[in-house]
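Subject: Structure handover

Hello,

Here is the structure for you to look over. My notes follow below it.

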Amino acid sequence: MSFWRKEVIQPALDDETRKHIDEQIAWIAREPGDARPYYHLAQLYRIDGRNEEALGLLLEAVRLDEGFADAHSSLAEMYVVKEDYAAAWRHARAAEQGGNPSAAELLRRYGVM
């Protein structure tokens, strides 16, 4: 990794990510029944490599709003990586019913059964 990437760019990105994580945590504290901050925090955790925490947050998002198509789509992506294809399809279908067909299209395209 180059000096600029390691010493300048990456610390700035890490700082920005931490700032956004803190914002989502504060939003959850203010509105624990709103599924959106759980979804957004999960995406930030996925970027940060905190996949198990992200999975839990996405599950909470769909518990709070079972029609949250984007959260179902993200869950489908995560379950494919875990090779839990039944769960991936369950969430892909829920996302598709909610108006986000991207996960189901991806699973079909790559022949995930």
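The side chains of Asp34 and Arg36 form a salt bridge, with 2.6 Å from N to O. Keep in mind that this is a predicted model. The two partners sit in unlike surroundings. Asp34 has a relative accessibility of 12%, so Asp34 counts as buried, the cut-off being under 20%. Arg36 is partly exposed, at a relative accessible area of 42%.

That pair is part of a wider set. The structure holds eight salt bridges. Here are some others to look at.

Lys19 is partly exposed, with a relative accessible area of 43%. Glu16 is partly exposed too, at 35%.

Next, Glu96 and Arg108. This salt bridge spans 3.2 Å from N to O. It links distant parts of the chain: Glu96 lies in helix 5 and Arg108 in helix 6, twelve residues apart. Glu96 has a relative accessibility of 30% and counts as partly exposed. Arg108, at 48%, also counts as partly exposed.

Salt bridges link Asp48, Arg50 and Glu53.

Now to helix 5 itself. It runs over residues 85-97, which makes 13 residues. From first C-alpha to last, helix 5 reaches 18 Å. That is close to the 18 Å expected at 1.5 Å a residue.

Which residues of helix 5 are buried? They are Ala87, Ala88, Trp89, His91, Ala92 and Ala95. And what covers them? The cover includes helix 3 (51-64), helix 4 (69-81) and helix 6 (102-109).

One backbone detail follows helix 5. Gly99 comes after the helix, and its phi is positive, near 105 degrees.

When you open the model, I would start with two views.

Best wishes

Technical notes
Residues numbered from 1 in each chain as written. Predicted model: local features only at pLDDT ≥ 70, side-chain atom pairs only at ≥ 80, totals over all residues. Heavy atoms only, no water. Helix = DSSP H or I, 4+ residues; strand = E, 2+ residues; numbered from the N terminus. Expected span 1.5 Å × (residues − 1). Buried < 20%, exposed > 50% of the residue type's maximum accessible area, 1.4 Å probe, protein only. Contact = heavy atoms within 4.5 Å. Salt bridge = Lys/Arg side-chain N within 4 Å of Asp/Glu carboxyl O.
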